[in-house]
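Load the model in a viewer and keep the sequence panel open. The stops below each give a selection and then what is found there.

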Amino acid sequence: MITVLIADDQELVRFGLRTLIDNEDDLACAGEAADGLAAVAAATRTRPDVVLMDVRMPGIDGLEATRRITADPALAAVRIIVLTTFEHDQYVFDALRHGASGFLLKDASPGDLLRAIRTVADGGALMSPSVTRTLVREFVTLAPRVTTPHPLLPSLTDRERETLVLAAEGLSNDEIAERLGISVATARTHVGRAITKLGARDRAQLVVFAYRSGLVR
């Protein structure tokens with residue numbers, strides 16, 4: 001059972017999300033929060049698998065709440081999907097920089113939202129090529145020449161390192177498989193091993209590590 005915490009300051013939005021989640025056999029609502037501080041407290045108390053986090057909320061906003069949750073070692077297994085009505089590059093960048101596993105617009109279809117929850121709960125990330133390129137572009141803008149190689153990079157095999165670079169450039173597992181002439185399952189395995197060896201939360205954080213290590217420019 002995948003447990004989901006809903007954090008949004010609009011009661012009607014919370015009701016709709018809760019209804020959608022509770023109608024699925026493999027999902028359950030772990031609780032609700034109407035502001036950022038309550039979201040952090042609820043996550044600490046319930047330790048859900050996934051948090052649906054609104055950006056604009058009273059008190060601290062969803063981005064700061066995301067940062068506090070992902071910074072807590074006790075909540076390392078919690079995954080966060082940031083929801084917003086605004087498709088701004090800065091929101092994408094800040095959400096992922098603060099440790100979110102994905103970014104979704106509130107006008108996404110119910111099916112897309114449910115798939116997003118399951119993807120993130122399974123260890124995946126909502127990182128389309130366009131979002132990945134946005135993240136890398138923001139890093140280039142903010143710190144064009146500062147690189148600090150990840151200390152665990154030498155633990156990667158040559159193929160895992162190659163896969164890491166392609167994933168950080170925004171390629172999907174299917175595209176990585178095609179580029180390297182390997183199966184999709186093998187590509188997925190290499191990405192998963194890179195995540196494990198580098199201690200990344202998920203695929204989203206691999207992009208951060210790859211850029212900071214100077215592997216993507």
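Among contacts in the protein chain between residues at least 6 apart in sequence, what percentage join residues at least 24 apart? The share is 66%, where a contact means heavy atoms within 4.5 Å.

This is a predicted model, in which local features need pLDDT of at least 70 and side-chain atom pairs count only at pLDDT 80 or more, while totals for chains, interfaces and linings use all residues. Residues are numbered from 1 along each chain as its sequence is written, and side-chain values use heavy atoms, with hydrogens and water left out.

**Whole chain.** Of the 217 residues, 48% count as buried; buried is under 20% relative accessible area, exposed over 50%, and partly exposed in between, with a 1.4 Å probe and protein chains only. The chain exposes about 10300 Å², and carbon and sulfur atoms supply 52% of that area (Shrake-Rupley method, 1.4 Å probe).

**Second largest pocket.** Next select Asp 8, Val 13, Leu 17, Leu 20, Leu 83, Leu 104, Leu 105, Lys 106, Ala 108, Ser 109, Pro 110 and Leu 113, which line the second largest pocket. A pocket here is an open set of points on a 1 Å grid over the protein atoms alone, where a 1.4 Å probe fits, with protein on both sides within 12 Å along at least five of seven lines; lining residues have an atom within 4 Å of a point. The space in this pocket is about 180 Å³, taken as that filled by probe spheres set on the points, which are joined across faces, edges and corners. Helix α1 (11-22), β5 (102-105) and α5 (110-121) each supply at least two lining residues, and α1 gives the most, with three. By class the lining has nine nonpolar, one polar and two charged residues (nonpolar: Ala, Val, Leu, Ile, Met, Phe, Trp, Tyr, Cys and Pro; charged: Asp, Glu, Lys and Arg; polar: the others, Gly among them).

**Ala 100.** Move to the loop between α4 (89-97) and β5, where Ala 100 lies. Ala 100 counts as buried because its relative accessibility is 2%. Leaving aside neighbours within four places in sequence, Ala 100 is in contact with Thr 66, Ile 80, Val 82, Ala 95, Asp 202 and Ala 204.

**Helix α10.** Ala 204 is one of the buried residues of α10, so select residues 203-212 next. Eight of the 10 residues in α10 are buried, including Leu 206, Phe 209 and Tyr 211. Just after α10, Gly 214 has a positive phi of about 80°.

**Helix α8.** Select residues 173-180; the buried ones are Asn 173, Ile 176, Ala 177 and Leu 180. Seen down the axis of α8, these fall within an arc of 100° and so line one face of the helix, the arc being that of the directions from the helix axis to the C-beta atoms. They pack against α7 (158-168), α9 and α10. On the other side of α8, Asp 174, Glu 178 and Arg 179 are exposed. Gly 181 follows α8 with a positive phi near 70°.

**His 190.** Finish in helix α9 (residues 184-198), at His 190. Is His 190 buried or exposed? His 190 counts as buried, at 12% relative accessibility. Not counting residues up to four places away in sequence, His 190 touches Arg 159, Glu 160, Thr 163 and Ile 182.

Notes: Helix = DSSP H or I, 4+ residues; strand = E, 2+ residues; numbered from the N terminus.
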